Amino acid sequence: MKAEKVIKPANGYLMLLIALLLFIGGIVFTASLGAPAFLIITLIGFVGFFGFILVNPNTSKVILLFGKYEGTIKDNGLYWANPLFRKKTISLRASNFDSERLKVNDKLGNPVMISTILVWRVTDTYKAAFDVDNYENFVRVQTDAAVRKLASMYPYDNFADEGHTEDITLRSSVNEVSEALEKEIDERLSIAGIEVLEARIGYLAYAQEIASAMLKRQQATAIVAARHKIVEGAVSMVEMALAELSKKNIVDLDDERKAAMVSNLMVILCGDKEASPVLNTGTLSH
């Protein structure tokens, strides 16, 4: 037997009635007739009580007889089977697993702290019971291994200034990373008859030793990008101002005056603080 076999034993309520009749009837006949032979009936009824199996909703009972797999009971209710059967309970409910925060290196070699939240359930009780030693511990170990592998496949973030541009990163591509993680864990847990319902990154950050430096780097990158936009807009505005002045013949500026005007406008438009104007009450030459 290498696969799960679902069985449905005898109705437990009917067997409960029979066991009670045998047990009580044996006692009554022994007491009334004084025949010790009826104690055998009482003993049979008493042994029958050990054959009852109660299966709660979304749980299962794996049945063994002297080490041999007999089947799995998945329907909830009260059943009766051979009292010599050994029963092992396996939950079919969805379970949550929040892994510990692991320090791993991303694709670029930067140390990051990462953890995952996993939702899983058992679908094949035979594999969960017999193909792995402890299926719950198997889930924990394989999930940690999958997270380590995933983190090494993608960079934490893009670094365009160093020529590192990736379509998928751990920080920005949440859906793609979650899908890859779910597929990786599902392949690893299939050997234990476990289905992955959801897998996603629960925590992601740079390791403590480089977090401060990476934060400064991100801030510097943002400042450079903002300055680039400001300078681009300022150049466009200066170009428009010079074109309008020339088009409407408002003032005739030589190259030196144009250079001075451009310099002043660029300082005003690109400065962090508001400019304080100085009014010239003289002529352009003084």
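A polar atom of the D106 side chain lies 2.7 Å from the backbone nitrogen of N110. The model is a predicted one, in which local features need pLDDT of at least 70 and side-chain atom pairs count only at pLDDT 80 or more, whereas totals for chains, interfaces and linings use all residues. Residues are numbered from 1 along each chain as its sequence is written, and side-chain values use heavy atoms, with hydrogens and water left out. The protein has 7 helices and 10 strands; helices (H or I, at least four residues) and strands (E, at least two) are DSSP runs, numbered from the N terminus. Of its 286 residues, 31% count as buried, where buried means under 20% relative accessible area, exposed over 50% and partly exposed in between (1.4 Å probe, protein chains only).

**Surroundings of D106**

- D106 lies in the loop between β8 and β9 and is buried, with a relative accessible area of 4%.
- A polar atom of the D106 side chain also lies 2.9 Å from the backbone nitrogen of Y156. A polar contact is a pair of N or O atoms within 3.5 Å; within protein, one atom must be able to donate a hydrogen and the other to accept it, and residues adjacent in sequence count only if both atoms are side-chain atoms.
- Leaving aside neighbours within four places in sequence, D106 is in contact (heavy atoms within 4.5 Å) with A151, S152, Y154, P155, Y156 and L170.
- Across the protein, 66% of the contacts between residues at least 6 apart in sequence join residues at least 24 apart.

**Nonpolar cores**

- The largest nonpolar core has 36 residues, of which L118, W120, V122, Y135, I185, L189 and I194 touch the most other members. Such a core is a set of buried Ala, Val, Leu, Ile, Met, Phe, Trp, Tyr and Cys residues joined through side-chain atoms within 4.5 Å.
- At least two residues of this core come from each of β3 (59–65), β8 (102–105), β9 (111–122), α3 (125–131), α4 (135–153), α5 (174–189) and β10 (194–206). Helix α4 gives the most, with 7 residues.
- Another core, of 7 residues, lies apart from this one; I63, Y79, A81 and F85 are among its members.
- With residues up to four places away in sequence not counted, L189 touches L118, F138, V139, Q142, I194 and V196.

**Helix α1**

- The 22 residues of α1 (residues 12–33) should span 32 Å at 1.5 Å a residue, and the distance of 31 Å between its end C-alpha atoms agrees with this. The expected span is 1.5 Å times one less than the number of residues in the helix.
- Within α1, G12, M15, A19, G25, G26 and T30 are buried. The elements that cover the buried residues of α1 include β1 (10–11), α2 (39–48), β2 (52–55) and β5 (77–80).
- At the start of α1, a side-chain oxygen of N11 comes to within 2.8 Å of the backbone nitrogen of Y13. G34, which follows α1, has a positive phi, near 70°.

**Sheet β1-β5-β2**

- This open sheet of 3 strands has antiparallel pairing in the order β1-β5-β2; two strands pair if DSSP finds at least two bridges between them.
- β1 and β2 are the edge strands, each pairing on one side only.
- The antiparallel pair of β1 and β5 has 2 bridges, and A10 stands opposite W80 in β5.

**Sheet β4-β3-β6**

- A further open sheet holds 3 strands in the order β4-β3-β6, with antiparallel pairing. β4 and β6 (86–91) stand at its edges with a single partner strand each, so one side of each is left without a neighbour in the sheet.
- β3 and β4 run antiparallel and are joined by 5 bridges, with L64 opposite Y69 in β4. Likewise antiparallel, β3 and β6 are joined by 6 bridges, and K61 stands opposite T89 in β6.
- Strand β4 (residues 68–73) is largely enclosed by the rest of the structure, because 5 of its 6 residues are buried.

- F66 takes a positive phi near 55° in the hairpin of β3 and β4, which has 2 residues between the strands. F66 is exposed, with a relative accessible area of 73%.
- N58, in the loop between β2 and β3, has a positive phi of about 60° although N58 is not a glycine.
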